Amino acid sequence: MVVDTMAPLNGDRKCFRLINGTLVERTVADVLPTLKQNMDNIDKIVQQLVSTYKKKEDEFNAFQVGYTIRYLSNENVCLGLLTDFDQKKWNIQIKPQQN
């Protein structure tokens with residue numbers, strides 16, 4: 001957004017940039033290439049994070065499948081959706097509700 005705003009401006013026009021808490025006066029021609037480079041670096045880092053996340057997600061799913069891990073939600077336990085086999089296998093004791 002900032003790059004798009006500054007792109008059509010004259011290169012000699014002064015602008016201000018906040019660097020480590022200090023407001024610095026520069027020209028558009030000085031600031032614009034740095035901003036573009038920072039945007040490119042941010043895009044690369046986001047792509048790296050997304051690919052790392054996908055790899056970890058795949059590893060986790062493979063681990064779940066390999067060890068037959070599944071989630072038991074409280075809703076399944078409360079609604080009685082677990083079979084007798086599930087209750088014995090996972091040592092789940094369902095107490096009857098008292099009114």
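Tutor: A nonpolar core here is a set of buried Ala, Val, Leu, Ile, Met, Phe, Trp, Tyr and Cys residues joined through side-chain atoms within 4.5 Å. Buried means under 20% relative accessible area, exposed over 50%, and partly exposed in between, with a 1.4 Å probe and protein chains only. Keep in mind that this is a predicted model, where local features need pLDDT of at least 70 and side-chain atom pairs count only at pLDDT 80 or more, while totals for chains, interfaces and linings use all residues. Numbering starts from 1 along each chain as its sequence is written, and side-chain values use heavy atoms, leaving out hydrogens and water.

So, the core: the largest one has seven residues, namely Val 3, Met 6, Cys 15, Val 28, Val 31, Leu 32 and Leu 35. Two elements, α1 (2-6) and α2 (28-66), each give two or more residues to this core, and α2 gives the most, with four. Helices (H or I, at least four residues) and strands (E, at least two) are DSSP runs, numbered from the N terminus. Look at Leu 32: apart from its neighbours within four places in sequence, Leu 32 is in contact (heavy atoms within 4.5 Å) with Val 3, Met 6 and Ala 7. As a general point, nonpolar side chains in soluble globular proteins tend to be buried together.

Now for the strands. Phe 16 sits in strand β1 but is exposed, at 53% relative accessible area. Phe 16, Leu 18 and Leu 23 make a nonpolar surface patch of about 360 Å². A patch like this takes residues with over 30% relative accessible area and no salt bridge, with nonpolar side chains (Val, Leu, Ile, Met, Phe, Trp, Tyr) joined within 5 Å and like charges within 9 Å; the areas come from the Shrake-Rupley method with a 1.4 Å probe, and for residues only the protein chains shown count as cover.

A salt bridge, meaning a Lys or Arg side-chain nitrogen within 4 Å of an Asp or Glu carboxyl oxygen, joins Lys 14 and Glu 25 at 3.8 Å, N to O. Lys 14 lies in strand β1 and Glu 25 in strand β2, so the pair ties together parts 11 residues apart in sequence. Lys 14 is exposed at 52%, and Glu 25 is partly exposed at 49%.

Finally, check the loop between β1 (14-19) and β2 (22-27), where you'll find Asn 20. Asn 20 has a positive phi of about 50° without being a glycine, and is exposed at 78% relative accessibility.
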